[in-house]
Amino acid sequence: MKQNLLQAPVAVPTYDRSKLVTRIVHLGFGAFHRAHQAVYADILATEHGSDWGYCEVNLIGGEQLIKDLKAQDMLYSVSEMAAEGWSSRVIGVARRALYAESDGINTVLEAMAQPEIAIVSITITEKGYCYQPATGTLITEHPLIQHDIANPAAPKSAAGTIVQALRLRRDRGLKAFTVMSCDNMPENGHVTRNVILGLARIQDADLADWIAANVSFPSTMVDRIVPAVTPETLEKITQLLGGIQDPAGVACEPFRQWVIEDNFVNGRPEWEKAGAELVNDVLPFEEMKLRMLNGSHSFLAYLGYLAGYQHINDCMQDDNYVIAARHLMLNEQAPTLRTQGVDLAAYADSLLHRYRNTALKHRTWQIAMDGTQKLPQRMLDSVRYHLAHNSNFDCLALGIAAWIRYVGSVDEQGQPIDVSDPLLEQLKALVNGSPQGTERVKALLSLETVFGKELPQNPRFVSAVTDAYLNLLKNGARESVAQLVKGF
Ligand SMILES: NC(=O)c1ccc[n+]([C@@H]2O[C@H](COP(=O)([O-])OP(=O)(O)OC[C@H]3O[C@@H](n4cnc5c(N)ncnc54)[C@H](O)[C@@H]3O)[C@@H](O)[C@H]2O)c1
């Protein structure tokens, strides 16, 4: 992509890119970062003279994207998909791009050890943290972590890479950087701190103390729906760019939101000027978004996929799914939240409005992936609330039952489901080792890293999920949702 070949109405960088300073290393140059944090930085550079630039890094996966970015002078486009039409913007804030394997992990570590680096931000998916979703702590026996314990100077995991980069900074007398997670986990800063300090503590107690004293791990709540890029998306982007191909291009919904805990040890961009909210405590916002948006997304993804709905907007064509999703948000998720002064009914309606966007084509299959990493924060924390308060959680029970049905790997028409999950082997063993029905539910609920120790022992929880599961087997997803809605 050459910037001077682009025609209006595509917005192109109007700032002097050579004046940008690479102050942020971002790990996880995937769809989301390109359409979210990088857009905020681009707005700041365009409208407020900010000189904060990025070094984009992929550690595992995404090699081609890094190659594409390098091949087009670090430029790529973000297109906003509104039902009424699309608009594009070329993002110019990336200054460098590295892939760990081909560029070498030392190059990545040196980039992170540059004196100007103030922030290392991350979007590496929940599984990239090598943590136990049920406890939020490091899985020390994870193969990547085992590798990094044995080879601290040549790490493979994100945590190992950050620990080693911090070691270099400490040894060179440089200031530490802030580590900012932008992944969908509750208290994502806390989880990041746990895994980084957990690994550092095993490797070098002095280093762990230095990190604890010098590094901050702000939590963030991030929101913008960015579906995985498809060949159709790229074709549409080419049209928008007047025939120019942009293999690093990405498309997303128009909405964007970012709430950031204002806790940075080495400076930060003035993100508030681009619409971010800098607050003292992000947790209430994170929980609101994780439970109402992501929780209803997962509910729609499993029940939608099983019903043959390929996209979230297809689910929105079925009135029962809309009613169920709204009920889940307002009756089973909202009561568990600590947010104050937010109109949750209006928030639920705005989410349903976003889900209806026919241009978005967000695949239920994509949202359904990595369920073992997502269920705890999206559904199970709320279930615990209802068990403690003796309140109703029928939608959550059906959502969990639909996940169990989904990971059974055979859909309602007898066709195989391509289940993608870091615990796939464990899931397969549990599915293959249990007969269909009540025993299958029991087997899946025994997964301690997801459900913890107490939930599978709770008779109310087990019977609610089992009843929903048996009903799903008997009547299918559409009818189960219809019956659920009749009971409201
Ligand atoms: N896409 C969205 O709509 C959206 C919205 C809000 C938050 N998020 C967050 O962003 C994350 C990434 O989403 P995406 O759409 O960019 O996905 P993606 O598949 O496009 O990108 C995934 C990124 O994670 C990296 N990665 C994967 N496994 C890794 C590992 N084990 N170690 C290190 N890096 C690893 C890859 O290199 C890649 O850069 C999500 O999991 C979620 O936490 C996404």
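Which helix gives the most to the shell around the ligand? Helix H1 (residues 31-35) does, with 3 residues.

The views below show a predicted model, in which local features need pLDDT of at least 70, side-chain atom pairs count only at pLDDT 80 or more, and totals for chains, interfaces and linings use all residues. Residue numbers start from 1 along each chain as its sequence is written.

**Figure 1. The shell around the ligand.** There are 24 residues around the ligand, and Gly30, Phe32, Ile124, Gly128 and Asp183 come nearest. By class, the shell holds 10 nonpolar, 10 polar and 4 charged residues. Ala, Val, Leu, Ile, Met, Phe, Trp, Tyr, Cys and Pro count as nonpolar, Asp, Glu, Lys and Arg as charged, and the others, Gly among them, as polar.

**Figure 2. The whole chain.** The chain contains 21 helices and 13 strands; these are DSSP runs numbered from the N terminus, with helices (H or I) of at least four residues and strands (E) of at least two. Its C-alpha trace spans about 60 × 55 × 45 Å along the principal axes. The radius of gyration is 23 Å, which agrees with the value near 23 Å for a compact globule of 488 residues. That radius is taken over C-alpha atoms, and the globule rule is 2.2 Å times the number of residues to the power 0.38. Of the 488 residues, 50% count as buried. A residue is buried if 20 or more other C-beta atoms lie within 10 Å of its own, exposed if 12 or fewer, and partly exposed in between, with C-beta atoms placed from the backbone.

Figure 3. Domain 1 covers residues 3-279 and domain 2 covers 283-486; the bounds come from an automatic or database domain assignment. The C-alpha centres of the two domains lie 29 Å apart. In domain 1, 22 residues are in contact with 29 residues of domain 2, a contact being two C-beta atoms, placed from the backbone, within 7 Å. Strand S3 (76-82) and strand S10 (220-223) each supply at least two residues of the side of domain 1 that touches domain 2. By class, that side has 13 nonpolar, 4 polar and 5 charged residues.

**Figure 4. Ile91 in strand S4.** Ile91 is found in strand S4 (residues 85-91). Ile91 is buried, with 26 other C-beta atoms within 10 Å. Leaving out residues up to four places away in sequence, Ile91 touches Ala38, Val39, Asp42, Leu75, Tyr76 and Val78. Ala41 is 50 residues from Ile91 in sequence and 8.8 Å from it in space, C-alpha to C-alpha.

**Figure 5. The buried side of helix H19.** In helix H19 (residues 438-445), the buried residues are Arg440, Val441, Leu444 and Leu445. They cover an arc of only 125 degrees around the axis, so they lie on the same side of H19. The arc is that of the directions from the helix axis to the C-beta atoms. These buried residues pack against helix H17 (394-407), helix H18 (424-432), helix H20 (448-451) and helix H21 (459-486).

Figure 6. Cys130 lies in the loop between strand S6 (119-122) and strand S7 (131-132). Its phi is near 50 degrees, a positive value in a residue other than glycine. Cys130 counts as buried, with 24 C-beta neighbours inside 10 Å. Ser409, in the loop between H17 and H18, has a positive phi of about 75 degrees although it is not a glycine. Ser409 is partly exposed, with 16 other C-beta atoms within 10 Å.

Definitions and conventions:
Near = placed C-beta within 6 Å.
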